[in-house]
Amino acid sequence: NQIIENNQGNELGKKIKKLRTSLGLSQDELARKADVPYTVLTKIEIEVIKKPSVFERAKIYKTLGVNIEELV
């Protein structure tokens with residue numbers, strides 16, 4: 001399980017950024033809609049935060065309209 005989490009974190013930020021831009025959302029817009037702090041979202045995207053909390057991930061995924069399996 002730990003290996004899955006580590007691998008997920010490696011590309012998670014890039015995948016979130018790609019989905020966000022494909023929806024035409026700025027970082028600020030996504031952060032507001034997902035109710036996640038802007039600084040947290042930016043750090044996830046640039047992979048300073050490699051393993052965001054389950055709650056943060058769930059909010060971002062829901063706002064992007066994807067389920068967890070699509071981002072793993």
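The following legends describe close-up views of a predicted model. Residues are numbered from 1 along each chain as its sequence is written, local features need pLDDT of at least 70, side-chain atom pairs count only at pLDDT 80 or more, and totals for chains, interfaces and linings use all residues. Side-chain values use heavy atoms, with hydrogens and water left out.

**View 1. Overall helical arrangement of the protein.** The protein has five helices and zero strands, where helices (H or I, at least four residues) and strands (E, at least two) are DSSP runs numbered from the N terminus. Along the sequence the pattern reads α-α-α-α-α. Of the 72 residues, 33% are buried, that is, under 20% relative accessible area with a 1.4 Å probe and protein chains only.

**View 2. Packing of helix 2 against helix 4.** The axes of helix 2 (residues 27–34) and helix 4 come within 9 Å and cross at roughly 110°; axes are lines fitted to C-alpha atoms over the stretch in contact, with angles from 0 to 180 degrees between N-to-C directions. The two helices are therefore roughly perpendicular to each other (65 to 115 degrees). Leu 30, Lys 33 and Ala 34 of helix 2 meet Lys 59, Ile 60, Thr 63 and Leu 64 of helix 4 (contact: heavy atoms within 4.5 Å).

View 3. Glu 47 is buried yet has no salt bridge (a side-chain nitrogen of Lys or Arg within 4 Å of a carboxyl oxygen of Asp or Glu). The nearest side chain of opposite charge, Lys 50, is 4.4 Å away. A polar atom of the Glu 47 side chain lies 3.4 Å from the backbone nitrogen of Lys 14.

Terms used:
Buried < 20%, exposed > 50% of the residue type's maximum accessible area, 1.4 Å probe, protein only. Lys, Arg positive; Asp, Glu negative; His and termini not counted. Polar contact = N/O pair within 3.5 Å; in protein donor to acceptor, adjacent residues only side chain to side chain. Parallel < 35°, antiparallel > 145°, perpendicular 65-115°, else oblique.
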